[in-house]
Amino acid sequence: MLVHHEEHRPHLFRQKLRVNLEVFDDILNHISNHPIFQNQSNNPQLPVSIQLAIILNQAGHYGNAITLENVAQWAGVSVGSVVNCTNCVMIAVLDAHDQFICFPAGNSEDADLARKFAESRTCPEWKGGFLAIDGLTVNLFTKPGYYGETFFDRKSNYSLGCQAVILPHNLLIVDYSLGHPGSVHDAFAFRSTHLYEEHNDLLPDDHWVWADSAYPLEPWCIAPFKRPHNGWLTKDQKTFNYHLSRVCFFLWFSIDFHLFM
């Protein structure tokens, strides 16, 4: 079924696994040779592609539709195999973490393409804004047993907070922070990223990251002007925010789409 969807119905492949064919194959190439998938048992493991499909199916869905029993039925394996596949793939992926998530050098091809993209959306003077950050929440199935109320977010869900820094031209995630309770403000969670802690080393001169108004305004972190209390933005500030929104609205929408669609 997986091969049939891959060859003839790629939209169903993406619907089930939440990744494109190219992304699936790239992940598979990175983890296939990991020792965790090799053993001396008389009972061979499932193909790595099937194991990867099982965990992606779980990661891309939520609630009762993704219980161990339902996944096992979908994959045609036992519940125990679902657990084993999940553990094996997670070990392989975490060992390859730095291959998947790494900050681009200022003179890299990705950084150059990101600058060209930012320039095309705004103006030549703004090409230094080659990254964007946004905060997201990952809903939890139920209220955590310990300090559960701290996970209750502004959308009335129990969730974990996630900060994602991306390159705009290809939506590649280059930095992230995950694990703060959903009630934590983006500005505070931002402090857990490598970008915040090491921006002097990671960002070239005259480069910055785009952010929304929830983030602190820094020379290396550019956010829209906020309307002052009992006051109004100036004409120039409104003009600045308008042009910033042309690039940032697209980027923040892309982050949401990239992570959750």
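Is Y147 buried or exposed? Y147 is exposed, at a relative accessible area of 69%; exposed means over 50%, buried under 20% and partly exposed in between (1.4 Å probe, protein chains only).

The model is predicted, so local features need pLDDT of at least 70 and side-chain atom pairs count only at pLDDT 80 or more, while totals for chains, interfaces and linings use all residues. Residues are numbered from 1 along each chain as its sequence is written, and side-chain values use heavy atoms, with hydrogens and water left out.

**View 1. The open sheet of five strands.** The strand order is β3-β2-β1-β4-β5, and the pairing is mixed. The edge strands, β3 and β5, each pair on one side only. Strands (E, at least two residues) and helices (H or I, at least four) are DSSP runs numbered from the N terminus, and two strands pair if DSSP finds at least two bridges between them. Strands of a sheet pair through backbone hydrogen bonds, either parallel or antiparallel.

**View 2. Strand β1 and its two neighbours.** Eight of the 11 residues of β1 (residues 129-139) are buried, so this strand is largely enclosed by the rest of the structure. With β2 (residues 159-166), β1 runs antiparallel over eight bridges; T137 has G161 of β2 as its bridge partner.

**View 3. Positive phi at Y147 and N230.** Most residues other than glycine have a negative phi. Y147, which is not a glycine, has a positive phi of about 50° and is found in the loop between β1 and β2. N230 has a positive phi near 55° and lies in the loop between β5 (221-222) and α12 (235-260). At 72% relative accessibility, N230 is exposed.

**View 4. Aromatic pairs F190–Y215 and W208–W210.** Rings of Phe, Tyr and Trp (its six-membered ring) pair if their centres lie within 6.5 Å; planes under 30 degrees apart count as stacked, over 60 as edge-to-face and the rest as tilted. The count comes to 10 aromatic pairs. F190 and Y215 are edge-to-face, 5.3 Å centre to centre with 85° between the planes. This pair links distant parts of the chain, 25 residues apart: F190 in the loop between α9 (186-189) and α10 (194-197), and Y215 in the loop between β4 and β5. F190 is buried at 0% relative accessible area, as is Y215 at 2%. W208 and W210 are also edge-to-face, 5.6 Å centre to centre with 90° between the planes. Both W208 and W210 are buried. Ring pairs link W126, W208, W210, F225 and F240 into a cluster.

**View 5. R227 over the ring of W232.** The charged end of R227 sits 4.9 Å from the ring centre of W232. A charge sits over a ring if NZ of Lys or CZ of Arg is within 6 Å of the ring centre and within 35 degrees of the ring normal.
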